[in-house]
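Please examine the sequence and the model displayed below before reading on.

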Amino acid sequence: MSRVLSGIQPSGSQHIGHLVGALENFTRLQGEGEAFYMIADWHALTSKYESVEEIWPATLELTATFLAAGLDPDRATLFVQSLVKEHAELHLLLSMVTPLSWLERVPTYKEKLQNAVADLGSYGFLGYPLLQTADIIIYKAHKVPVGEDQLFHLELAREVVRRFNFLFQREVFPEPEAVLTKAAKVPGLDGRKMSKSYGNCIYLRDNPAVILEKCTRQMASDPARLRRTDPGNPEICPVFEFHKLFSDAETVQLVGTECRQAGIGCFDCKKRVAEALTRRIEPIREKIESHLGHPGDIEAVLRDGSARARAVAAETMADVRDAMRLPVL
Ligand code: TRP
Ligand code: SF4
């Protein structure tokens, strides 16, 4: 049976980019094989070591979001990385056979090192993609649904797998493959990629009034369309991108034609986007709030999922120790 694994860091609220980019894929894949979805709280520590108190609340919120978006704890194993300590053991063992240069040349490493707010010059941060490798291969996962920004990490995981299997002359791990989302990147309110660090997000916990406000006041449109009577070009307008992602086919068609003929004003066009977004997000938002009202139930899901994950991880570690001739006493 094919196994799927992915993880998300618990670092703040989830936005619609996460919904379209990751969560919908996660939900689809939980029906196709055995699925493991992890809250990567150790990974969050690489940058949040000065605000550790934020990680557990963010873990609860992320789990509530998983559930609200349609992940079903009976069909997918939802778990917390730090509760499956075998990941740390595998990370350590992999660190013995991974050349330092493989980690230093990961493009996201240098880039983040220079741009980050926190000091990322730690040993743990360099090892970030190797810990991610351990997360994936400890479940012998075949498919890893991720965004494009994770492709280098997946490539490293594949190289590490080949090296491990070769060194110890055993096919302990299969080579994992990335599963990319069909959806293009979700633009932010300003037209750049939606990202918390740009402050251009629509969050899954935004209520209808906030969504309307963000869409009508902050969303960028075709900059060449200055007056209501000027025709616009929907193809270069971020608002139209949102219509394509969230409105029905009829509305997309209508807005596309009307915009070119100056038949619809940008304000009305944005109001319609807000309506479409609200229709999509409001049910999720309500579910997130309702799950967050019962933190004990969320903990139970995580406790149960983490125990299931641990059982699988422990089996793999027995193979690994055997392959590496570590003693069993
Ligand atoms: N690095 C991933 C991210 O920032 C999170 C992550 C941690 C992950 N472990 C993983 C993703 C394992 C996929 C598989 O989004
Ligand atoms: Fe963009 Fe809509 Fe204005 Fe056209 S009418 S420029 S699609 S906001």
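Leu-113 touches Leu-120, Gly-121 and Phe-125, residues up to four places away in sequence being left out; contact means heavy atoms within 4.5 Å. Leu-113 belongs to helix α6 (residues 107–115), where helices are DSSP runs (H or I, at least four residues) numbered from the N terminus. With a relative accessible area of 32%, Leu-113 is partly exposed, since buried means under 20%, exposed over 50% and partly exposed in between (1.4 Å probe, protein chains only).

This is a predicted model, in which local features need pLDDT of at least 70 and side-chain atom pairs pLDDT 80 or more, whereas totals for chains, interfaces and linings use all residues. Residues are numbered from 1 along each chain as written, chains are lettered from A and ligands numbered from 1 in the order written, and side-chain values use heavy atoms, without hydrogens and water.

The chain is divided into domain 1 (3–186 + 295–323) and domain 2 (196–288), with bounds from an automatic or database domain assignment. Between the two domains, 16 residues of domain 1 are in contact with 15 residues of domain 2. Two salt bridges are found across this interface, a salt bridge being a side-chain nitrogen of Lys or Arg within 4 Å of a carboxyl oxygen of Asp or Glu.

The largest nonpolar core has 53 residues, and Ile-16, Tyr-37, Phe-66, Ile-202, Phe-242 and Leu-277 touch the most other members. Such a core is a set of buried Ala, Val, Leu, Ile, Met, Phe, Trp, Tyr and Cys residues joined through side-chain atoms within 4.5 Å. Helix α13 (residues 266–292) gives the largest share, eight residues.

Definitions and conventions
Helix = DSSP H or I, 4+ residues; strand = E, 2+ residues; numbered from the N terminus.
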